[in-house]
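Subject: Handing over the structure

Hi,

Here is the structure I promised to pass on. Have a look at it first, and then read my notes below.

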Amino acid sequence: MNSKINLNVQNMQISGIRQFFNRIQHIEGMISLTIGQPDFETPLHIKSAAIRAIEENHTSYTHNAGYIELRQAISTYMNKKYKLDYTPDSEIIVTNGASQAIDTALRTILSPGDEVILPSPVYPGYTPIINQCGGSPVFIDTTTENFKLSASLIEKSITGKTKCIVLPYPSNPTGVSLTGEELEEIAGVASEHDLLIIADEIYSELTYGRDHFSIGTIAKDRTIVINGLSKSHSMTGWRIGVLMAPAWLASQCLKVHQYNVSCASSISQMAALEAFTAGIDDAIPMREAYKKRKELTSSYLRKLGFKTIEPDGAFYFLAGIPIEIASFDFAVELAEKAGVGVIPGTAFDPNGEGYVRISYACSEDQIHEAFKRIERYLSESD
Ligand SMILES: Cc1ncc(COP(=O)(O)O)c(C=O)c1O
């Protein structure tokens, strides 16, 4: 019966993160440093706004791009936070999470044969969609470049088929981000070769040190900016993402979005209106907590000999394993022998060999206990 299934779908793999998580989740008493979502509750005032939305019958289809009041609030928020300048009625689409914004963006621009440049290791949400469109991902190994994509690396990978560059910063799985100057150089290359840019900025509120810089402020005419509330407001289950693009591009994205989902949930949109207005600074206490956990995790990793690059944002380290062992085997052993869950770097494509992704979206107590166990495991495997 497989012959009845689209070839690109037959070839699609379940995400390596999910596969690995399913394999280890039955282990009793395990401390999971695998988590890709905030461990905070959605702020109460946002939950209350959703309850009010139901009571007040905000339960119908909305405009395909989302309630106009919500798009106005997003426009103001993005301008205040990141100096982005998007018009509510023609340049902003509310999506079902950043995931659907990624899907819409790629399906709007890609034709069969197109190539998409991505940093590697990278979040596994882009490749299956690129493949489904008949395009090809072109991975640039950033493991010797402090996990940073640069203008010169991009330039070396450009061919006549290159359509777009994906800039997922701050990065899952590495936590690194690019500076304004680095992004200026990339914007220059994109302009010179007439390439589009997809900037996945879902972790933009979770930065430590310098504030997030969006390439949408300097290359708006060729950029699709993706953001949302999943990470900033601990709202992964509400499914609210945002796609922002110049009107010529957003109007094409809206066609793909419309025939796929009609609109994002009306109730979640009302909750999002509260988040983007009264909840404009809700991420600050969460960011402070992550920052402390990052420092704690960093000190343990260094003490135990893991190779690390200090993250600029998000809530992950992609840490170099301190012993000779394949990433997958290391992660299995850590789960089965030490009771600690981490994600093998190979879940983020082959350049992740030798690394594991460690999430610090968990309590400080869990971090202390996890590293006590990892230390014991490492000393026993000497
Ligand atoms: C880089 C990146 N982009 C997009 C997403 C998906 O976000 P959402 O839950 O809003 O669909 C994730 C989720 O982990 C992510 O890490």
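Predicted model: local features only at pLDDT ≥ 70, side-chain atom pairs only at ≥ 80, totals over all residues.

**Salt bridges and what they link**

K337 is exposed, with a relative accessible area of 62%; exposed means over 50%, buried under 20% and partly exposed in between, using a 1.4 Å probe and protein chains only. K337 pairs with E333 in a salt bridge, their closest N and O atoms being 3.5 Å apart. By salt bridge I mean a side-chain nitrogen of Lys or Arg within 4 Å of a carboxyl oxygen of Asp or Glu. Both residues sit in helix α12 (residues 327-338), 4 residues apart, or about one turn of the helix. E333 is partly exposed, at 25% relative accessible area.

Residues are numbered from 1 along each chain as its sequence is written, and side-chain values use heavy atoms, with hydrogens and water left out. Helices (H or I, at least four residues) and strands (E, at least two) are DSSP runs, numbered from the N terminus.

Searching the whole structure turns up 17 salt bridges. One of them joins D281 and K81, at 3.3 Å from N to O. D281 is in the loop between α10 and α11 while K81 is in helix α4, so this pair ties together parts 200 residues apart in sequence. D281 has 43% relative accessibility and counts as partly exposed, and K81, at 22%, counts as partly exposed too.

Another pair is E375 with K303, with the closest N and O atoms 3.5 Å apart. Here helix α13 (residues 364-380) holds E375 and helix α11 holds K303, so the link spans 72 residues in sequence. K303 is exposed at 56% relative accessible area, whereas E375 is partly exposed at 33%.

The contact (heavy atoms within 4.5 Å) takes 35 residues from domain 1 and 38 residues from domain 2.

How much area is buried between domain 1 and domain 2? About 3200 Å², with carbon and sulfur atoms giving 59%; this is the accessible area (1.4 Å probe) that the two parts lose on being put together, summed over both. T42, I309 and D312 supply 23% of what domain 1 buries against domain 2, more than any other three residues.

There are 3 salt bridges between the domains. R287 also forms a salt bridge with E205, at 3.6 Å between the closest N and O atoms.

**Helix α4**

K81 brings us back to α4. The 15 residues of this helix (residues 68-82) should span 21 Å at 1.5 Å a residue, and the end C-alpha atoms are 21 Å apart, which agrees; the expected span is 1.5 Å times one less than the number of residues. Its buried residues include L70, I74 and Y77. The buried residues of α4 pack against β2 (92-95), β7 (223-228), β8 (241-244) and α10 (266-276). Just after the helix, K83 takes a positive phi of about 60°.

Cheers
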